Protein chains: 2
Amino acid sequence: MSYSAPIKDMLFVMKELADIDRIAALPGHEDASFDTAQAVVEEAARFCGEVIAPLNVAGDRNPSAWANGEVTTTPGFKDAFRQFAEGGWQGVVHPTDFGGQGLPKLIATPCIEALNSANLSFALCPLLTDGAIEALLTAGSDDQKARYLPKFITGEWTGTMNLTEPQAGSDLALVRTRAEPQADGAYKIFGTKIFITYGEHDMAKNIVHLVLARTPDAPEGVKGISLFLVPKFLLNDDGSPGARNDVHCVSIEHKLGIKASPTAVLQYGDHGGATGYLIGEENRGLEYMFIMMNAARFAVGMQGVAIAERAYQQAVAYAKERVQSRPVDGSAKEPVTIIHHPDVRRMLATMRAYTEGARALAYVAAAHSDLAHGHPDEDARRSHQAIYEYLVPIVKGFSTEMSIDVASLGVQVHGGMGFIEETGAAQHYRDARILTIYEGTTAIQANDLVGRKTVRDGGRAAQALLAQIDQTIAALAEVDGQPFKSMHRHLSAASLSLARSIEFVIAKFKSDPNAVFASSVPYLRLAGMTLCGWQMARAMLVSHAKRSEDERFHTAKIATAEFFAEHILPLAPGIEASIVSAKGSEGVLALSEDQF
Amino acid sequence: MSYSAPIKDMLFVMKELADIDRIAALPGHEDASFDTAQAVVEEAARFCGEVIAPLNVAGDRNPSAWANGEVTTTPGFKDAFRQFAEGGWQGVVHPTDFGGQGLPKLIATPCIEALNSANLSFALCPLLTDGAIEALLTAGSDDQKARYLPKFITGEWTGTMNLTEPQAGSDLALVRTRAEPQADGAYKIFGTKIFITYGEHDMAKNIVHLVLARTPDAPEGVKGISLFLVPKFLLNDDGSPGARNDVHCVSIEHKLGIKASPTAVLQYGDHGGATGYLIGEENRGLEYMFIMMNAARFAVGMQGVAIAERAYQQAVAYAKERVQSRPVDGSAKEPVTIIHHPDVRRMLATMRAYTEGARALAYVAAAHSDLAHGHPDEDARRSHQAIYEYLVPIVKGFSTEMSIDVASLGVQVHGGMGFIEETGAAQHYRDARILTIYEGTTAIQANDLVGRKTVRDGGRAAQALLAQIDQTIAALAEVDGQPFKSMHRHLSAASLSLARSIEFVIAKFKSDPNAVFASSVPYLRLAGMTLCGWQMARAMLVSHAKRSEDERFHTAKIATAEFFAEHILPLAPGIEASIVSAKGSEGVLALSEDQF
């Protein structure tokens, strides 16, 4: 099954909803015009469609394989990664000082989407390298930046994030990996890290691990964690890879999906200690890690959008081809392609509405990130940063949760053929299942949304978004026609539900934390649904105004927005009810452990 | 991961909600007392837990394999099936005349649940044989019954259902398999059938295929389909298996889940024609098939309950064992097992509420089936039959849809470990995915619910159920306490939503069929949610009255019912909104095909 990037929708969102013109007006982004964006997105679409997408099924059937500490990736991956690197795709968003293109996140985002739609397993390698680049940019020394960043950006080397240990998953306080300082200023690292994506592979000349570990006198808990850089091959004086470091891949996991992406168990220091270099200051590792995690979480949210888009395209193609049953309205005597059946339409419209809504929200978040970095006014930067940070756990949590449902609908559209692996729909259902887990489970995103992003600023970022939604609701009231009426009604109700849920979260956070954390995932879901619905509302207003410019595109957008309004947003008040009825010790925690 | 049947909840539902005493009072069911039920269920639980459940993971890792037309099942399956047969489990519900135990469906149902929880792939073989037995009981000749039924019931032979062909899935009008009458009264069958569960295997001495095919002069469409019996080995005069028939398994499918269950492509007549025998009358095949399908659909609904229960048990076990993070309420300084975290509780409570609700509804449906067969009064039989038939597509559609969500939550509770195949949670997620597809997709169930079950009798069966719900709502109003208040409020709202949706379906069925069939699956979901919530309401009233008899069990039941009321039922009005806003040609069918 081929993949064709939804270039038109991507550009529509970038221009009309995320306002790329405003980003291009920022100092340093003069080149980031809509025309540039269009050229980059079209080239990304071509490259991903032609080079990367055809390897997706191959990666599933012939996954990465481990032998004697080495990992061989799926045939074709190595060459594709070389082309990816040569095309400059690793550096789209990174600084020109180190060889990147320095383009805004808003332009990088559709490129990331296309890469992940094409091949989730493949895309994980650059995704992790992006994280390593962010960490070094934030906290690396000048020397570290100079030695590593250019190599990452050319794709000669790749990066990894090493957080998880067998006893330390969501709870990083439990990290035990040790870092012993040496006379030369380096450290010796000892420990086991698990679930390390592309922790070992054959696509690059060096692999640079960013590792959370504890120094001997570090305080307990998360305040005693430091971040270390541990290259697979130590660097020679000229910066080239030299001696093999004492970090070894002892196995890779046998997983439900993303099989081409090797998930490594890495053993540090079994032969005397792995040489590592401190990044930034001791005991500030978690702080640095959070910077890369915000970027990585946003990227995983994009993986959700991406796999949903891919599943949607495959389902549409099948629905246009498969002939089965006469129309229920008697409009034809012969069996028709199943896209003519109302329930198949409902499924496809659901998949499409979720995907378009989540795409729009993510791109808008990316624009806030660009404004947070590049706006000349400090207050504006701060407020865009606050909104971006509020949106990150939603983009991550909501897009990935919906992607599982969308991929599942994709299987359903195929009927019995969906359950047969050869068809390919099942791969999306398997691949998508990791997205709500890694880079922080949905519960971890929801905790972040509640604690750091909603309560800490007394709901200010959330209120700013609600005020913007109100403006859209007012604009909807000015337009005639059922689609706009429906959206006005259901978006109004949903935003009221969201507002009351935010109040609940803030009011009860201290007095009944169990209740708040029992309803944190529903709160995230409600926020995601409302904010994506809001983007669809904004989109339909634009499409209303520009309808005559492209009738086919804009009527489809209005219809999709109406579907979102009538079939997804109406669930919001029910979710609110479940949030505000949550009780802590008298609710979900009422039962004793042995009653389960 | 072991499985332990939830005997206590099964017996509670049988006694308190499905009223087994009433079934035992029916003529012919004098032996079906609660004590008998308890003994049978306990033995089923023991057998399934000890013999069948341990083969579940083995079946996934070492699936059925095809070579040269023969299928070898997973090591251990053959012996387990022998024990299953010797234990008399195939015959629990079937007539004593043919060697069965003649017990009511209400007693057979928990046995089926336990078998499917233990091993979905294994349980499919007896499930299909049950279908073949039903078909012969309904339409077989005395000679056919005498020759085949005892062999099915002893487990010496197994049965299959052959409906699907490459071009004919949901749409059986497209069946092309030919049946040519022979001079001796038999037929020669020619054609290809796909997706034939246990169409070939090594666990029985003969495999008897029930095959939909067309005779030469048959009318087009579904009115020209006849049902044939085609044994793998033709019978000798003494009834023993003799010459090999011309039906051959040319391949089996590589599937997402239920891998131990061979899904065969069967080729009929490549070597001169497969000998088949007409069942009942020509051109009435679909009618007979619907009889076995109602039984099989109910059984697949039980598969949904069963896999949800298994996924729940596995998630609970992990949540009680995995230590991660301190409690959010600060009640402990050390990390605790994750079952103490509110979001994990929310997930487990969701899994449990869906599973218990769906179990209760299915068992109650089984009791209606028993009353429909055994009630001395004809009007009563008819009305129980109508209610049973209304419930079958809901039990099938709702239980299986929820089982996918529940299995997915089971993966989520495990975090990263859930994505690793060794853990076993992922198998349930893969296995469950077929349940909304086979024996009629959810859309097919929803069409049946709308057309045959709601509109045809002008909503009478549905109204009868709504009237019963009203009685429960009235009873809830009499009880003090938050759980009962919550249930009263949300069940009232949900049943109103259901009532209005039923009105919509009936009113628009003729005038706007596209709108009705666009909202048929949401209608099924709303009905399932409301009816399962109603059963939880009935359960909590019983538990309130009997609380002191078993404090631990009944407080858990009340808490689970309250969770259902506060976290699942509140979605009902939103689903209603999506149903009644559905528009046909101006709604989901508004876009042209090329706008997708």
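Analyst: What follows goes through the salt bridges of this predicted model, pair by pair. Over all chains, a search of the whole structure finds 58 salt bridges. One of them joins the side chains of A:K8 and A:D550, with N to O at 2.9 Å. A:K8 belongs to helix α1 (residues 7-17) of chain A, while A:D550 is in the loop between α17 (520-546) and α18 (551-568), so this pair ties together parts that are 542 residues apart in sequence. A:K8 has a relative accessible area of 47% and is partly exposed; A:D550 is also partly exposed, at 21%.

In chain B, B:E113 and B:R359 form a salt bridge whose closest N and O atoms are 2.7 Å apart. This pair links distant parts of the chain, 246 residues apart: B:E113 is in helix α6 (residues 105-118) and B:R359 in helix α10 (residues 342-374). B:E113 counts as buried because its relative accessibility is 0%, under the 20% cut-off. B:R359 is buried as well, with a relative accessible area of 1%.

Another pair in chain B is B:D448 with B:K453, where the closest N and O atoms lie 2.8 Å apart. Both B:D448 and B:K453 are buried.

Chain A also holds a network of salt bridges, which links A:D9, A:E113, A:E309, A:R352, A:E356, A:R359 and A:K557. As a general point, side chains of opposite charge can pair when their charged atoms come close.

Note on methods. Residues numbered from 1 in each chain as written. Chains lettered and ligands numbered in written order. Predicted model: local features only at pLDDT ≥ 70, side-chain atom pairs only at ≥ 80, totals over all residues. Heavy atoms only, no water. Salt bridge = Lys/Arg side-chain N within 4 Å of Asp/Glu carboxyl O. Helix = DSSP H or I, 4+ residues; strand = E, 2+ residues; numbered from the N terminus. Buried < 20%, exposed > 50% of the residue type's maximum accessible area, 1.4 Å probe, protein only.
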